[in-house]
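Let's learn to read it together, one feature at a time.

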Amino acid sequence: MNVDFLKRLLWFLVLIVAQVFVLNHIHLFAVATPLLYVYFVLLFPRNYPQWAILLWGFLMGLIIDTFSNTPGVASGALTFIAALQPFILQPFIPRDSSDDFQPGMDTLGVPQYTWYAAILTLIYNVVFFSLEMFSFFNVLEWLECIGGSSLLTLILILVIENVRRRYKDEEL
């Protein structure tokens, strides 16, 4: 079995377990919930097949929906950003990079990775909370949920990416 597949499967399982058992129970100020599983879509390299990114994203969203009682919301939003991920990543990739370019703080740099993660996280949260609320009658609550959850998720993504980067540096 491919080592890359096993690493990806391990991240898949760890993020699902963390979301279902810990992060779904965090609601800062009753509006901000960290949706860390978005990080899984950020990890895909440039040459990864589009159909596989969509399939991974849909499966993760489906499992999150099952355990979070949000029928179709997470799977729809995660599949949407899985479709956008290669196009959002493209402007941040250096011109002389290899075909198997892996996005991360060490390869993109901290500012560019932060922008890349922020864009995908914000798009995800807009789609997620639009589908979840399915109404624009309470626009202020909708914006608070998007802003708070995006910020909280982005902070967690940057912390995890920084830990991964330091672990890689110590490993080498």
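This is a predicted model: local features need pLDDT of at least 70, side-chain atom pairs count only at pLDDT 80 or more; totals for chains, interfaces and linings use all residues.

Q: Where is glutamine 19, and is it buried or exposed?
A: Helices are DSSP runs of H or I with at least four residues, numbered from the N terminus. Glutamine 19 sits in helix H1, residues 3-21. Buried means under 20% relative accessible area, exposed means over 50%, and partly exposed is in between (1.4 Å probe, protein chains only). Glutamine 19 has a relative accessible area of 0%, so it is buried.

Q: What does glutamine 19 touch?
A: Contact means heavy atoms within 4.5 Å. Leaving aside neighbours within four places in sequence, glutamine 19 is in contact with Asn24, Pro34, Leu35, Leu36, Tyr37 and Ile64. Its side chain also reaches the backbone nitrogen of leucine 36 at 3.1 Å.

Q: How many salt bridges are there?
A: A salt bridge is a side-chain nitrogen of Lys or Arg within 4 Å of a carboxyl oxygen of Asp or Glu. By this rule there are 2 salt bridges. One joins arginine 8 to aspartate 4, with the closest N and O atoms 3.4 Å apart. The other pairs arginine 164 with glutamate 161, at 3.3 Å between the closest N and O atoms.

Q: Where do arginine 8 and aspartate 4 lie relative to each other in helix H1?
A: They are 4 residues apart in helix H1, so about one helical turn separates them. Arginine 8 counts as buried because its relative accessibility is 7%, whereas aspartate 4, at 35%, counts as partly exposed. In the other pair, arginine 164 and glutamate 161 both lie in helix H7 (residues 139-171), 3 residues apart. Glutamate 161 is buried, at 2% relative accessibility.

Q: Which residues have the most contacts inside the largest nonpolar core?
A: A nonpolar core is a set of buried Ala, Val, Leu, Ile, Met, Phe, Trp, Tyr and Cys residues joined through side-chain atoms within 4.5 Å. The largest one here has 48 residues, and Tyr37, Met60, Tyr113, Tyr116, Tyr124 and Phe128 have the most contacts inside it. H4 gives the largest share of this core, 8 residues.

Q: How do I read a pocket, and which element gives the most to the lining of the largest pocket?
A: Rolling a probe the size of a water molecule over the atoms shows where empty space is left. On a 1 Å grid over the protein atoms alone, a pocket is an open set of points with protein on both sides within 12 Å along at least five of seven lines, and lining residues have an atom within 4 Å of a point. The largest pocket holds about 490 Å³ of space. Of its 12 lining residues, the closest to its centre are Lys7, Trp11, Gln102, Arg164 and Lys168. H1 gives the most to that lining, with 6 residues.

Q: What is phi of alanine 30?
A: Most residues other than glycine have a negative phi. Alanine 30 has a positive one, near 65°. Alanine 30 lies in the loop between H1 and H2.

Terms used: Residues are numbered from 1 along each chain as its sequence is written. Side-chain values use heavy atoms; hydrogens and water are left out. Helices (H or I, at least four residues) and strands (E, at least two) are DSSP runs, numbered from the N terminus. A polar contact is a pair of N or O atoms within 3.5 Å; within protein, one must be able to donate a hydrogen and the other to accept it, and residues adjacent in sequence count only if both atoms are side-chain atoms. On a 1 Å grid over the protein atoms alone, a cavity is a set of points where a 1.4 Å probe fits but cannot get out, and a pocket is an open set with protein on both sides within 12 Å along at least five of seven lines; lining residues have an atom within 4 Å of a point. Grid points are joined across faces, edges and corners, and a volume is the space filled by probe spheres set on the points.
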